[in-house]
Amino acid sequence: MRTAYDVVKAHYDANDRRDMDGMLADIAPDCRWTEMAGFPCAGTYVGRDEIFRNVFLALGEMFDGYSFKLERLLDAGEDVVAIGVYNGTNKRTGKDFTARVVHVWGVAGDKIRRFEQFTDTWRVVESMH
């Protein structure tokens, strides 16, 4: 069985390849995915379909070149913490943004069970105005 670190690392490796199926592959049907209050797609979504529609698809509709660059991945047993940077350009305004971000993952039974994002939401929202 893979470790929690391995499962989350596989998600980020798929992100680097722009492989959406790979990014969603290890998300449990009951995974609770929380985007921070103040973020454009803020809320808690449950399961692959809700996460894809309300996070990945929504961000792709709002931003060109939306990306996450992983800087560090920290192993904390069943929890994994990622530190990195978001970048993108708002499609409507043409404004760019860069925002520091932390992701906290919970993994059990070889599946992602929860995700929580912490970021500078102002940087992202500012690009939308």
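1. The largest pocket holds about 390 Å³ of space. A pocket here is an open set of points on a 1 Å grid over the protein atoms alone, where a 1.4 Å probe fits, with protein on both sides within 12 Å along at least five of seven lines. The volume is the space filled by probe spheres set on the points, which are joined across faces, edges and corners. Please keep in mind that this is a predicted model, where local features need pLDDT of at least 70, side-chain atom pairs count only at pLDDT 80 or more, and totals for chains, interfaces and linings use all residues. Residues are numbered from 1 along each chain as its sequence is written, and side-chain values use heavy atoms, with hydrogens and water left out.

2. By residue class, the lining of the largest pocket divides into 13 nonpolar, 6 polar and 3 charged. Nonpolar covers Ala, Val, Leu, Ile, Met, Phe, Trp, Tyr, Cys and Pro; charged covers Asp, Glu, Lys and Arg; the others, Gly among them, are polar.

3. Helix α3 deserves a look of its own. A kink of about 30 degrees is centred on Arg53 (the bend is the angle between axes fitted to the seven residues ending there and the seven starting there). The buried residues of α3 include Ile51, Val55, Phe56 and Leu59 (buried is under 20% relative accessible area, exposed over 50%, partly exposed in between, with a 1.4 Å probe and protein chains only).

4. Cys31 is buried at 0% relative accessibility, and Cys41 is buried at 4%.

5. Two loop residues are worth checking by eye. Arg18, between α1 and α2, has a positive phi of about 60 degrees without being a glycine, and is exposed at 60% relative accessibility. Asp110, in the loop between β5 and β6 (111-119), has a positive phi of about 70 degrees and is partly exposed at 22%.

Key
On a 1 Å grid over the protein atoms alone, a cavity is a set of points where a 1.4 Å probe fits but cannot get out, and a pocket is an open set with protein on both sides within 12 Å along at least five of seven lines; lining residues have an atom within 4 Å of a point. Helices (H or I, at least four residues) and strands (E, at least two) are DSSP runs, numbered from the N terminus.
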